[in-house]
Amino acid sequence: MLVHNWREVLKRAWSVRLMVLALLCIIIEPIYTFVAATWVAENIYIQLGMSAITGLLAVAAIIARIFVQQKVSGDLNGKPPQEG
């Protein structure tokens, strides 16, 4: 079940922002590795760096998901959701 303000959560939640950054790293990694491979044969440091960045962003997203963000938590505090 979605929270009543899911659009606001998607715009402001740090967990969503960090997951999008991790997704971008996952998409960019093979492209960047291919381009780097044409310049330097078997550059393992680029692959390790991109994998580390992706992993750190994923961990940060999990941590951000655990903490409540008051402005976008979806908590109604006993109030009915506003229509509109």
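Is Ile 27 buried, partly exposed or exposed? Ile 27 counts as partly exposed, at 47% relative accessibility, where buried means under 20% relative accessible area, exposed over 50%, and partly exposed in between (1.4 Å probe, protein chains only). This is a predicted model, in which local features need pLDDT of at least 70 and side-chain atom pairs count only at pLDDT 80 or more, while totals for chains, interfaces and linings use all residues. Residues are numbered from 1 along each chain as its sequence is written, and side-chain values use heavy atoms, without hydrogens and water.

**Helix 2**
- Ile 27 lies in helix 2; helices are DSSP runs (H or I, at least four residues) numbered from the N terminus.
- Helix 2 spans residues 14–39 and also holds Leu 18.
- Leu 18 is buried, with a relative accessible area of 15%.
- Apart from neighbours within four places in sequence, Leu 18 is in contact (heavy atoms within 4.5 Å) with Leu 57, Ala 60, Ala 61 and Ala 64.

**Helix 3**
- Thr 54 belongs to helix 3, residues 44–66.
- Thr 54 counts as buried, at 12% relative accessibility.
- Apart from neighbours within four places in sequence, Thr 54 is in contact with Ala 22, Cys 25 and Ile 26.

**Between Leu 18 and Thr 54**
- Leu 18 and Thr 54 are 36 residues apart along the chain, and their C-alpha atoms are separated by 9.7 Å.

Technical notes: Helices (H or I, at least four residues) and strands (E, at least two) are DSSP runs, numbered from the N terminus.
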